Amino acid sequence: MTNQVGSRVWTENRLTSRLGLRYPIIQGPLGGLSSQRLTASVSNYGGLGSFGAHGLKPEAIRKVIRELKGLTSKPFAMNLWVSVEDEGALTSTEEAFHRSLSPLAKHIEDVGGAKPTFLPYEPIRFEDQAQVLLEEEISTFSFIMASPRNRYWTSSAAKESC
């Protein structure tokens, strides 16, 4: 079955061409709940798998990237959090963490995931995280920007623009 838009197949566009994808499908990075297996699977099946490295220290990001490279030879994206220090993060408690996680617990269990554990917030410099992406030659990444006084917004970037 051929599914076409105009005279072109829907899978043939600048995004798929530039990123080496079979399908123009991008997995949401699921910041803090990502898994290497899911990210690699999306990429292996022709989409762009994305891993949310929210809150990971630079060396942990490097480890994740190397694990992903061992699971797929296809392109994947990394997602970082660009924070203008949120005062709420510094005062967050374990009780609040468990309260916010409780609605998701059954879903995490249903897919065989491990329930995240609470870790006190430690500021991590975005610049140090981004440096790892450059060193590991990650061609596609996205980031979430936040400011305590503004709403959150999302942006994306790639070494080569589409």
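Guide: Helices are DSSP runs of H or I with at least four residues, strands are runs of E with at least two, and both are numbered from the N terminus. Read in that way, the protein chain runs β-β-α-α-β-α-β-α-α-α-β-β, with six helices and six strands. The model is predicted: local features need pLDDT of at least 70 and side-chain atom pairs count only at pLDDT 80 or more, while totals for chains, interfaces and linings use all residues. Residues are numbered from 1 along each chain as its sequence is written, and side-chain values use heavy atoms, with hydrogens and water left out.

Visitor: What makes Arg62 count as buried?

Guide: Buried means under 20% relative accessible area, exposed means over 50%, and partly exposed is in between (1.4 Å probe, protein chains only). Arg62 has a relative accessibility of 13%, so Arg62 counts as buried. Buried residues make up 27% of the 162 residues in the protein chain.

Visitor: Why is the link between the side chains of Arg62 and Glu135 called a salt bridge?

Guide: The term needs a side-chain nitrogen of Lys or Arg within 4 Å of a carboxyl oxygen of Asp or Glu. For Arg62 and Glu135 the N to O distance is 2.7 Å, so the pair qualifies. The two residues link distant parts of the chain, with Arg62 in helix H3 and Glu135 in helix H6, 73 residues apart. Glu135, at a relative accessible area of 43%, is partly exposed.

Visitor: How do you know that Glu136 and Arg66 meet in a salt bridge?

Guide: Their side chains are 2.8 Å apart, N to O, so the pair meets the limit. This pair also joins distant parts of the chain: Glu136 is in the loop between H6 and E5, Arg66 is in helix H3, and they are 70 residues apart. Glu136 has a relative accessibility of 7% and therefore counts as buried.

Visitor: What joins Glu59, Arg62, Arg66, Lys69, Glu135 and Glu136 into one network?

Guide: Salt bridges that share partners join these residues. The whole structure has nine salt bridges. One of them pairs Glu127 with Arg125, with the closest N and O atoms 4.0 Å apart. Glu127 is partly exposed, with a relative accessibility of 47%.

Visitor: Which residues touch the most other members of the largest nonpolar core?

Guide: A nonpolar core is a set of buried Ala, Val, Leu, Ile, Met, Phe, Trp, Tyr and Cys residues joined through side-chain atoms within 4.5 Å. The largest one has 13 residues, and Ile61, Ile65, Leu68, Met78 and Leu133 touch the most other members. Helix H3 (58–71), strand E4 (76–83) and helix H6 (126–135) each supply at least two of its residues, with H3 giving the most, four residues. In soluble globular proteins, nonpolar side chains tend to be buried together.

Visitor: Which residues is Met78 in contact with, leaving aside its neighbours within four places in sequence?

Guide: Contact means heavy atoms within 4.5 Å. On that basis the partners of Met78 include Phe51, Ala53, Ile61, Val64, Ile65, Leu68, Leu133 and Phe141. Over the protein chain, 58% of the contacts with a separation of 6 or more are between residues 24 or more positions apart.

Visitor: How do you know that the buried residues of H6 line one face of the helix?

Guide: The buried residues in H6 are Gln129, Val132 and Leu133. Seen down the axis of H6, they fall within an arc of 100 degrees (the arc of the directions from the helix axis to the C-beta atoms), so they line one face.

Visitor: Which residues are buried in H2?

Guide: In H2, Gln36, Thr39, Ala40 and Ser43 are buried. Their arc is 95 degrees, so they too line one face of the helix. Just after H2, Gly46 has a positive phi of about 110 degrees.

Visitor: What makes Glu137 count as exposed?

Guide: Its relative accessibility is 64%, which is over the limit, so Glu137 counts as exposed. Glu137 is in the loop between H6 and strand E5 (140–146). Although Glu137 is not a glycine, its phi is positive, about 60 degrees.
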